[in-house]
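Hi,

Here is the two-chain model I promised to pass on to you. Have a look at it first, and then read on for what turned up in it.

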Amino acid sequence: MDFEFRDTPKLAKFRKEVRAWLDLNMPMDFEIPDNPHDVLPHSAKYEFILKARHALGAKGWLAPTWPKEYGGGGLSMEEAAIVEGEVAQRPWSRFGVGDFFPSTITQFGVQIYAIGTEEQKKRFLPPILKGEIIRWNGSTEPDCGSDLAAVKTTAIRDGDEYVVNGTKVWLGTQYDNADYIQLIAVTDPKAARHHNIGLFCVPVGLPGISKVRLPMIRNCHTSGWQMFFDNVRVPVEYLIGGHENATNAWRVLSTATRFPQPNMGWSVRDRNQEFVLDYVRKTKRDGQLLSQDPDVREALVETEIQLEINRLFGMRQNWIAMTGKRLVGYEATQATLQGKVTTATQAEAYADILGPAALIKDPEWALFDGNIEYKHFAPVAMASAGITQEVSKMIMTRWACRVGD
Amino acid sequence: MVDLALSEAQEIIKRTAHDFVEREFPAPLAIEVNESEKGFSPELWRKMADLGWVGMILPEAYGGTGSSFVDMAVIFQELGWAALPSPLLSSGVLCGLTISEGGTEQQKKRLLPSIAKGQRILALALTEPDYGWGPETVKLTAKAKNGKFVLNGTKRYIPDVHIADQCICVARTSQGADPQEGITLFLVDKSAQGLSCRDMSAGAQIGEKLNELAFDSVEVDHSAVIGEVDKGWQVLSPVLEKATPVLCAYMVGGIQRAWEMAVSYINTREAFGRTIGSFERIQDHVIEIVNALDSARWTTYEALWKIDEQKPGITKSVTLAKIVSSEGYRKAVDLTSRIHGAAGVDTRFVLYQYIKKSRSFYHYLGGPMALRKRMAHLLFND
C-alpha cells in the first residue's frame, strides 16, 4: 500500500518543466474564489480565468490525457497527475485544471469522441479541448432532471435537417455566452425508452432559439438560463454520429469516461477550513479566543473528519482512474456524495461559528474575500448540481445493496 | 505512487485468514465461544499461534516474524469479520510490542518467544476507575520497599486478563507536574499474592468480558520493571498508538460482515409481496453502512501505512481512524439490526456478537468523545 504520490526521476524532470511553464505563463498570485463563476465579468479575476483557460488549453493541459491530434496533451496518467497537482497547488487554483473548464471536456468531449464521426471529432474536439468554445448543457428540462431518459424535447428528421422543439432549463452560467448547446432530444417518439434519443451540438445562433435568465440562487455551476427551441432547423452535421446514431446516444449519456483524468484536488488542503481554523485562533469573543470554545472546537473537528474522509475517497478515485482498475462501481458516486455531505457540514459549522459575518459580501467585512458567504449557500445551490444526493444513493444501491436494476 | 491495493503477499495472507475463520469459526461456533464462560477458545488460539499470527509484528530474533502493521491488520480484519475473540491484540500486539520496544534483552529473550508461540498470554492493565487512556488517569501506586515494589490500587475494564498468565500493570511510581512522568510498567503474575481478578461483565447483555484487577499490596521484584522506572509512559504511549489502527482493522472487518449480513437479508426477506431490498428506506440504511465501511477502511489503512513507513502525522491519522471506526461500527451494526427487525436482537443470531463487539471496542484504546478532544488539540496545536 502507498498513500503518497511519488515521482520517478523521469517524472521529477517533467514536474520541473511543468513548474517552469506555469511560472512563466501564469504567474498571477491572487486566489480565485471558491466558485470560479463567482467573478464579475471583465474583472481582473475574470480575465485571468479566461487567460488561464486559453493558456492551459493551447498547451493541451485542459485535457492532458487526450490524444494530441484532437487538441489534448497526449500525457500519461502520471504526467497528467503532475499537471493537475501543480495547478492545484497554485494560489490561483482551487482544485486544479477543472477550475478553468468544468465538464465541457469530461462530458461533451467524451460523448463526441465516443460516437462522433471522424469529421465531427476533427471539427469540434480541438476547440473544446483547447477551451476556445463554450457549450452549455442542454439536458435538463422543466419536467425531467435525474430521469434524463424522460426528455420531451423532440428533434424530428426532415431531410438532412432535424427540427427541434422544446424547452431546456438551468443552462450555462451568468457571465458566459455559449457557442453551442449540448442538446439531447427525442428523435423517434415511437421508439422505446433509451432507444429514441439523439445528441446534438447546436450552434446558438440558429433561428428559433431564445433564452431567459432564471432567478436561481446565484453562482452555482448550473445556474443561469432557460432556453426555448421553436422549430429550430439543425443540419445533420450537428447530430453527433450522424443519421445512424440518431436514436442511440443514450449509451454514451449513461456510461463512464473514455479518458480518465486524474484529479489531484484531494492533495490540497481545503482553503476554507484553513481560513476558519486561522480565524478562530486569532479572533476573540467575550475576551476568549474562539479556538478555546469547546463548541467551536467540536464543530471544526467534525468538518476536519468529513474533509479527511473526502480526501481519502478522492485519493481512491484518483487511484482507480490512474490504474484503470475499475471504471464503473459505486465508488465514484460515493465520493460525489461525500463531497456534498462534506461541504454541507462545513457550511453549517462555519455559519454557526462565524454568525452573520458568514452572510455578507461587504468589501470591508466579508470573510475570506467573500468565499465564506459563498461556502454558506453553495451546498444549497450545489446540492442538485450534476446529481442529487438522493439519486447518488439510488446509483450506489445497485452496487452496495446488490439489488437488481 | 499511490497504490491502495494490498500486495500479492498480503492478498495471500487475507485469503488464508479468511479461509481459516470460515472453516474454523462458523457462526454457530462464534456464538458458542463468545458466550462461553471465558469467551475464548484455547484450541483456536493454538491454531492461530501455529499459523504465526500471534508473533507477527514481533522481531524475528525473538520468535516473531517481523511483519508490517498492514500485514497484521489484514488478519485482524478477517478476525473481526468472523467476530473471533482472542487475546491477540492484548498479548501479541499491546504487551508484545511493549516488551519488544521497552524491555531488556533478557526480558525479550525470556518472554517474547513464548508470547509469539501463544504459550504465554499477557494482558495490559492500564485503565482505572478514573477511566481514560491518558497518563493522568494512572493512579495505582507502586512504592519501593526493601528492594521490591509494592503495588496498591485498582484496574478496571480490562479485557483478556481473565485468561492471561501475566499482566503488564501501568503504575505510578512518582507524581510530578507532568503526568507522563513517574509511570512505570510492571510485569505481574496473575497468581501474585494480593492480586485478585473479578469478571465485571457477568450478567451484562452487551459487551465483552471485562475484568477488575485489585492490587492489594502486591510485591514485585525490580526485574519485573519493563523499561525504566518513571519512564513507562514513553514506552507505552507509542505502543498504544500503533495498536489502535490494528484494533480499527478488526472493527472494519465487523462492519464488512454487518454489510454482508444486511445485503443477504434484504435480498431474501420478503414483506408486502416484495424483497425488502426494493424499499428505498432499507436501501438508505445499507448505503450508510457502506459509507461507514469505506470511511473506516481508508482512515485505518492510511494510519497503518503511516506507521509502517514512519510518515509524519501518525497521531492525527490514528485518532481519525479510531473515531471513524468506533462510530462507524456502532452505526453499521445498529442499522443492520434495524434492517433485520426483531431477528436482529435475537441472541441465537450471530449479529448479536457484532453488536456486543461494536460497544466493547467503541471505547477501547480511546472513545470518540475523548479522541475528538484530542483531534481539536492537534488542529489548534494546543
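Strand β5 (residues 183-189) of chain B is largely enclosed by the rest of the structure, because six of its seven residues are buried. Buried here means that 20 or more other C-beta atoms lie within 10 Å of the residue's own, exposed means 12 or fewer, and partly exposed is in between, with C-beta atoms placed from the backbone. Strands are DSSP runs of E with at least two residues, helices are runs of H or I with at least four, and both are numbered from the N terminus.

Before going further, a word on the basis: this is a predicted model, in which local features need pLDDT of at least 70 and side-chain atom pairs count only at pLDDT 80 or more, while totals for chains, interfaces and linings use all residues. Residues are numbered from 1 along each chain as its sequence is written, and chains are lettered from A and ligands numbered from 1 in the order in which they are written.

Back to β5(B) and its partners. Strand β4 (residues 166-172) of chain B runs antiparallel to β5(B), joined to it by seven bridges; strands pair if DSSP finds at least two bridges between them. One of these bridges links B:Cys167 with B:Val188. Strand β8 (residues 225-226) of chain B is also antiparallel to β5(B), with two bridges, and there B:Leu185 is partnered by B:Ile226.

Chain B is divided into domain 1 (8-119), domain 2 (123-230) and domain 3 (234-380), with bounds from an automatic or database domain assignment. The C-alpha centres of domain 2 and domain 3 of chain B are 29 Å apart. Nine residues from domain 2 and eleven residues from domain 3 of chain B make the contact, where contact means C-beta atoms, placed from the backbone, within 7 Å. On the domain 2 side of chain B there are five nonpolar, three polar and one charged residues. Ala, Val, Leu, Ile, Met, Phe, Trp, Tyr, Cys and Pro count as nonpolar, Asp, Glu, Lys and Arg as charged, and the others, Gly among them, as polar.

Now to where the chains meet: 31 residues of chain A are in contact with 32 residues of chain B. On the chain A side, α7 (271-282), α8 (294-323) and α11 (389-400) each give two or more residues, and α8(A) has the largest share, with 14 residues. By class, that side has 16 nonpolar, four polar and eleven charged residues.

Axes are lines fitted to C-alpha atoms, for helices over the stretch in contact, and angles run from 0 to 180 degrees between N-to-C directions. Angles under 35 degrees count as roughly parallel, over 145 as roughly antiparallel, 65 to 115 as roughly perpendicular and the rest as oblique. Among the residues in this contact are A:Met396 of α11(A) and B:Ile287 of α8(B).

Within chain A, helix α4 (residues 104-115) and helix α5 (residues 118-129) pack at about 170° with axes 10 Å apart, so α4(A) and α5(A) are roughly antiparallel. Their contact includes A:Phe108 of α4(A) and A:Phe124 of α5(A).

Lastly, A:Trp365 sits in the loop between α9 (331-354) and α10 (371-382) of chain A. A:Trp365 counts as exposed because it has 9 C-beta neighbours inside 10 Å.

Best wishes

Technical notes
Contact = placed C-beta atoms within 7 Å.
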